There are 4 protein chains.
Amino acid sequence: MDVAIVGASGYTGGELFRLLQGHSSAEVVAATSRKEEGRPVATVHPHLKGYTDLTFTNPAVEDIDADVAFLAVPHTAAMNYAGRLLEQGMKVVDLSADYRLPRGVYETVYGVTHTDYFEAPYGLPELHREEVKGKQFVSNPGCFPTGATLAAAPLASGARYVIYDSKTGVSGSGVNPSPTTHYPNVADGVMPYKLTGHRHLAEMEQELGRLGSKARCFFTPHLVPVNRGILTTAHIILDEPMTQEEVEARYRDFYKDEFFVRLQKPSLGAVRGSNFCDIWFEARDERVVVVSAIDNLVKGAAGQAIQNMNIICGFAENDGLMTPPCMP
Amino acid sequence: MDVAIVGASGYTGGELFRLLQGHSSAEVVAATSRKEEGRPVATVHPHLKGYTDLTFTNPAVEDIDADVAFLAVPHTAAMNYAGRLLEQGMKVVDLSADYRLPRGVYETVYGVTHTDYFEAPYGLPELHREEVKGKQFVSNPGCFPTGATLAAAPLASGARYVIYDSKTGVSGSGVNPSPTTHYPNVADGVMPYKLTGHRHLAEMEQELGRLGSKARCFFTPHLVPVNRGILTTAHIILDEPMTQEEVEARYRDFYKDEFFVRLQKPSLGAVRGSNFCDIWFEARDERVVVVSAIDNLVKGAAGQAIQNMNIICGFAENDGLMTPPCMP
Amino acid sequence: MDVAIVGASGYTGGELFRLLQGHSSAEVVAATSRKEEGRPVATVHPHLKGYTDLTFTNPAVEDIDADVAFLAVPHTAAMNYAGRLLEQGMKVVDLSADYRLPRGVYETVYGVTHTDYFEAPYGLPELHREEVKGKQFVSNPGCFPTGATLAAAPLASGARYVIYDSKTGVSGSGVNPSPTTHYPNVADGVMPYKLTGHRHLAEMEQELGRLGSKARCFFTPHLVPVNRGILTTAHIILDEPMTQEEVEARYRDFYKDEFFVRLQKPSLGAVRGSNFCDIWFEARDERVVVVSAIDNLVKGAAGQAIQNMNIICGFAENDGLMTPPCMP
Amino acid sequence: MDVAIVGASGYTGGELFRLLQGHSSAEVVAATSRKEEGRPVATVHPHLKGYTDLTFTNPAVEDIDADVAFLAVPHTAAMNYAGRLLEQGMKVVDLSADYRLPRGVYETVYGVTHTDYFEAPYGLPELHREEVKGKQFVSNPGCFPTGATLAAAPLASGARYVIYDSKTGVSGSGVNPSPTTHYPNVADGVMPYKLTGHRHLAEMEQELGRLGSKARCFFTPHLVPVNRGILTTAHIILDEPMTQEEVEARYRDFYKDEFFVRLQKPSLGAVRGSNFCDIWFEARDERVVVVSAIDNLVKGAAGQAIQNMNIICGFAENDGLMTPPCMP
């Protein structure tokens, strides 16, 4: 099966390449990049030397030819591709924010006009597998909402407050240098940002709502000196106290069929490079602290996108996603 | 003025040495250590080579001779020194947990019996300066409670929930190697621990109570790949919404005379090596996110101890604490 | 094919597990550990949760039953297993130093008596593939000698001085905490050690000698704040000057058939988690600076051991070693 | 005494500010920056909040008014200031490369034309103190040449090859983000660069020559995941073997009057934030490995510049430079 990666020069593009090497049926046949057009993929992604001879191309939308396309371009760019590729008959997984929220919410949160809106399933398979199945298009969730929502979902219905305090690695900021990613500004530090108003909050609220929660939802991200990974600490205030045993039973049941959710004390190392979301928790009175760990580039982006591709194409859901995490 | 450092071979001991080099009147005349007895201080603390010719000693309590003693020993060890040094006429600053809490609370939280209890002022000068003044003994606060309490204090009275989510550097775990501090277990990771039951919570609750707060108080610490520093994110749910301007006015007024509290976006680098606590906040509806940054070894330990020494000895409060932070 | 990992609780053991998940024919059926006997493997190696249900065992040598055994135990321990497992008919790859050097050199360098010496091929396949083929036993090279020797080999015959200056990640020190691996002692630092007398020098000299070199060989390792990887800078003084083009031609020819040697500017990220050795160089007058990068746990240990297993068992040499590096 | 910092918005400018807070007589009265004109210094250097109320200015050269000026601007910019400020009667310490080399060498190495050349003393006080004394102008050495030259100087006269292999922190690359300083490109890695042709080599060769050495001199720098500091490993091949005792005696004698050179096993932590250069060595046959550690921003830039200011102004040489290193 032929795969095109639209916007393949960034970290997410590199991860799609890396992970798809292990897929039973998918082969990357096109890698597009405006910036790197004409350069060999393995020059931009030197770890892939020996795995691919492709060169970045910059085709018109109508010249993209594959069975499946991953859109690894920024929001507002993806909407220029999604509808047209669908019309050309391709299956499409969009990793941008363009189809994660209802039009109005999207336009408010992102401060832009959506020029090609349509409804799409929200590709968090552990919660929405059935809605994704059989579709031609999936919207891949944001990195923070993935780890946060999986942490809180089993307790959503009885929660009064859900406060997500997330710690993210720097690869989430992309490949382009900026003061935010300047080594001396990151190393030996912790940088909180967007204390109350990060855009991903809208996805988090949407998912809690879909789970029937009436909780007030808050989110504060922090940049930590880590390459990959998001550790989310969900401080949950419940309507009624629960015991540790009750909480554990709830989580074990909720995720009993989920290959990619593992209930163990999370560490970023234990999920590095993999599609797992590790979760643990501690209950005390009316409060439960739930912690989740994901690799932001895998379960938070490329890996979950492949998981979604597998669902819409009918492959085993973990095809291409079986390489164990790389620890330490 | 002669100073003795009891338990001088750890990080806190090294910091007391380092900072006191810049003090106008204090001179370290004795450095005790059971483990390092007989070794030159500058061998254990190589950065201090050229500053001190002292050798670690291991004297009996009655042979400790100085005007002021810092107790930089673990809890349960400090109680063997405090009362006896006071009887010998010394002023004492205790950096352990032995005198921070009422006897009963202490014994419950730390699971030990206190063998020499007496009441002591809690040496967080920004809140308790007047209680410290003129005393012969001060109990120095814990590192987490210092940064957390300073973050929340101005909003304590109107808070319903105060949730401290702290990120601490590894020096807080001391000089002794353990799996927790093993480099591959720390680097490129974030490790939450004691999700609901860290001992420092008792100090935090005590301080909120003294500020007249009825808030429910929670605390979750995380170890981050950082040498020094604690970044605390205080998620505060208020009884009534406040605007950003109201919050800012509150903080500016509350800390208007405090040299060591600076209202600016916190980063660990901007306080590194110094006694500052940098604080900033963002208000939205009934929630305020307050962030504070301290150097855990300075404002969280040795620096605040010197600040307390200055108060009880009548020196300028920032004597020995004027060296600017070292950034980046 | 059944595989036993003797000494499976350390980093190398974990890596053997991780990599063998992707092998077409090998299955780990036994994981031994004195320290962790009775614990599930996935408790000690949490990244492997979901991949193995094995529990650590501590069998007598005669009870180890498999087709191939990896010895991932320290030097002096391996010699208690190697000969006996061979007698039991197993194929054996020894990752310790016990069979890398002639008996006398070994005993001098390691300061111990060898109690079960026999000759073994030195399993650096790029140089000694033919000697390894068809054998029942292989001695796996040290991590530093692997990266260093591959860097210098093509120039060995014309070199006067070969000075290896290596920078290694902390995982090379193993899983046990020590002052050397204590986070605050490593982070934000560079620690040179054994400036002139590291034990691995003997392997490096041996390999240069086998390549016909008369060069004086020196080696200085440094610990750097990195989890995985060794970057070796080989400062080579030649008998006669060479041009950049001549050097490049030499390397391209020397490694033209080697899948695991890639000629490109090395970075630790581009080889992380993989069995590659990336090499580049710059020639100027009589000096060539050659730089190589390997993952110390893979090409420097577990990966090369699997490569050797593949050779002696007749599998494709890169079976189980095709997972791309994980970058960033 | 009034001090102007020309080019004060970078790391070196920040360090001049930080260190001069502790100087007995110098006060910063002007901080220039084209980029940050009009912004408070403490906004750009948040660690200095509370220490200075200055605002960045962008004056014409003739409007710079002070007793001493530090030129912390890039090479080719400094030559526009140096001569003119001297004519205005100021003392000047130039931290750029513009006056470190003879005109011809400078123009070749830096590939530019020098528009205002004059001879200047090379401000490495441990070697050239007498030449600096009484001058109105000093050229401050480069960061790499400082640590490297101090490492090799005592052995220079008997050396055949001097190979400097340096590991530098990222602050040496300045405050401006670039792919080289992008966190994911630096963290968990080691990046060799300019394997044979770094510009600082010319200074190193010049200094060895002044010491009467006929050694061939080589230099390879590496970027390591460290904020501050340079660890230089000098691999020295001697004409004649020396014993460890002979080498130690040589170094003890050579540096016996030097406050800022300490003979002890170097670590970056033990010199962090300070003007020290720590040195140690190991001799074996005809080879000596010498290791030196400096803080690149202090002994490698701002601290040594203040040391030079102290010499030309007649202050104690360590005035403003007595704050102990900050470790860990």
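Start in chain B and select helix α9 (residues 244-254), which holds both B:Arg252 and B:Glu248, 4 residues apart, or about one turn of the helix. Helices here are DSSP runs of H or I with at least four residues, strands are runs of E with at least two, and both are numbered from the N terminus. Show the two side chains: they meet in a salt bridge, 3.0 Å from N to O. The term stands for a side-chain nitrogen of Lys or Arg within 4 Å of a carboxyl oxygen of Asp or Glu. B:Arg252 is partly exposed at 42% relative accessibility, and B:Glu248 is also partly exposed, at 23%. (Buried is under 20% relative accessible area, exposed is over 50%, and partly exposed is in between, with a 1.4 Å probe and protein chains only.)

Before you move on, some housekeeping. This is a predicted model, where local features need pLDDT of at least 70 and side-chain atom pairs count only at pLDDT 80 or more, while totals for chains, interfaces and linings use all residues. Residues are numbered from 1 along each chain as its sequence is written, chains are lettered from A and ligands numbered from 1 in the order in which they are written, and side-chain values use heavy atoms, leaving out hydrogens and water.

Next, select B:Lys299 and B:Glu126. Their side chains form a salt bridge at 2.9 Å, N to O. B:Lys299 sits in helix α11 (residues 298-313) of chain B and B:Glu126 in helix α5 (residues 125-132) of chain B, so the pair ties together parts 173 residues apart in sequence. Are these two buried or exposed? Both B:Lys299 and B:Glu126 are buried.

Staying in chain B, pick B:Arg84 and B:Glu62, another salt bridge, with the closest N and O atoms 3.7 Å apart. B:Arg84 belongs to helix α3 (residues 82-87) and B:Glu62 to the loop between α2 (41-44) and β3 (68-71), so this pair links parts 22 residues apart in sequence. B:Arg84 is partly exposed, with a relative accessible area of 40%. Over all chains, a search of the whole structure finds 84 salt bridges.

Now jump to chain D and switch to cartoon. You'll see an open sheet of 7 strands with mixed pairing, in the order β7-β8-β6-β9-β12-β11-β10. Strands count as paired if DSSP finds at least two bridges between them. At the edges are β7 (191-192) and β10 (261-263), each pairing on one side only. Zoom in on β6 (residues 159-168) and β8 (residues 216-223), which run parallel over 8 bridges. There, D:Thr168 stands opposite D:Leu223.

Last stop: chain C. Select C:Ser139, which is in strand β5 (residues 137-139) of chain C and buried, with a relative accessible area of 0%. What lies 3.3 Å from a polar atom of its side chain? That's the backbone oxygen of C:Tyr99. Leaving aside neighbours within four places in sequence, C:Ser139 has contacts (heavy atoms within 4.5 Å) that include C:Asp94, C:Arg100, C:Pro121 and C:Tyr122.

Technical notes
Polar contact = N/O pair within 3.5 Å; in protein donor to acceptor, adjacent residues only side chain to side chain.
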